[in-house]
Amino acid sequence: MKDLTLSQKHLICIVNNKGKISGYAAEKRVCMIAAALLDLKLAGCVRIEQKTVAAIQPLPETCSHLKPLYDFIADKSPIKIIKLMDAYNMSLTDKKFSELFNSIGDSLAGLNLVTVSSGGLFAKSKRYLPSAEIINQIIDGVRTEFLGKSKLSEKTAALMVLLDHSKMLKEYFSDSQQKQMKDRLQTVTESVNGQLVCQMVRHIEQIVSVIAISAGVKK
């Protein structure tokens, strides 16, 4: 399997059996944007400081599927994360979120990792249904690093955090496994190498809280 970005892996793991993210699943939408932001930060093309994000380098080819989000950030750089979330998650048209979702989904389709279909009103919405095999590969990778003897990488730790905040961790792991994973994550986030993950956790929690207040979403 090609080395996928966090946002690509996250999309594969959170879409439902119709290949979409439900309009009521605010946590999944928020975390998908958070995954994309973290990808851009890991690629060195944006800087996330306190409550703002700014473009600092051109978008690399490895993150070309995140161009809609990067271009938005670059055009308004620096921009407060909350304003970015308003544009992507609270917009009445849903246009920006759909652009990002489709761009990530199309990149996966190009790798033959998802099946593309259309749905919604007038069949205008694109849907991306991953195979059980690719889902299992991703989840097995998380399981191996967290519950085995493998070294825990920063990206795998970040994916676990995103799945947890997306309320999807329970879909793939038992209660006892989740506890083991969270205990190990605590150790990682207290280390120097885990600070980036720790920062992203704070970003996710902040954004979910804002949406919970403004849209009545249960955290």
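Residues count as buried under 20% relative accessible area, as exposed over 50%, and as partly exposed in between (1.4 Å probe, protein chains only). Helices (H or I, at least four residues) and strands (E, at least two) are DSSP runs, numbered from the N terminus.

The structure is a predicted model, in which local features need pLDDT of at least 70, side-chain atom pairs count only at pLDDT 80 or more, and totals for chains, interfaces and linings use all residues. Residues are numbered from 1 along each chain as its sequence is written, and side-chain values use heavy atoms, with hydrogens and water left out.

**Exercise 1. Describe the two faces of helix α9.**

Solution. 
Step 1. Helix α9 spans residues 175-189 and has 15 residues. From its first C-alpha to its last it reaches 21 Å, close to the 21 Å expected at 1.5 Å a residue; the expected span is 1.5 Å times one less than the number of residues.
Step 2. The buried residues of α9 are Gln-178, Met-181, Leu-185, Val-188 and Thr-189.
Step 3. These residues lie on the same side of α9 because they cover an arc of only 80° around the axis. The arc is that of the directions from the helix axis to the C-beta atoms.
Step 4. Lys-179 and Thr-187 are exposed residues on the face turned away from the buried side of α9.

**Exercise 2. Describe the length and the burial of helix α2, and the residue Gly-44 that follows α2.**

Solution. 
Step 1. Helix α2 (residues 26-42) has 17 residues and reaches 24 Å from its first C-alpha to its last, close to the 24 Å expected at 1.5 Å a residue.
Step 2. Of the 17 residues of α2, 15 are buried, so the helix is mostly covered.
Step 3. Gly-44 follows α2 and has a positive phi, near 80°.

**Exercise 3. State where Lys-155 is found and which residues Lys-155 touches.**

Solution. 
Step 1. Lys-155 belongs to helix α7 (residues 154-165).
Step 2. Lys-155 counts as partly exposed because its relative accessibility is 41%.
Step 3. Leaving aside residues up to four places away in sequence, Lys-155 touches Leu-6 and Leu-42; contact means heavy atoms within 4.5 Å.
Step 4. Lys-155 and Leu-42 are 113 residues apart in sequence, and their C-alpha atoms are 9.2 Å apart in space.

**Exercise 4. Examine the backbone at Pro-78, Asn-112 and Lys-167.**

Solution. 
Step 1. The peptide bond from Ser-77 to Pro-78 is cis, with omega near -10°. Pro-78 lies in the loop between α3 (67-76) and β3 (79-80).
Step 2. Asn-112 is not a glycine, yet its phi is positive, about 60°. Asn-112 is placed in the loop between α5 (95-110) and β4 (114-119), and counts as exposed because its relative accessibility is 71%.
Step 3. Lys-167, also a residue other than glycine, has a positive phi near 65°. Lys-167 is in the loop between α7 and α8 (169-172) and is partly exposed, with a relative accessible area of 37%.
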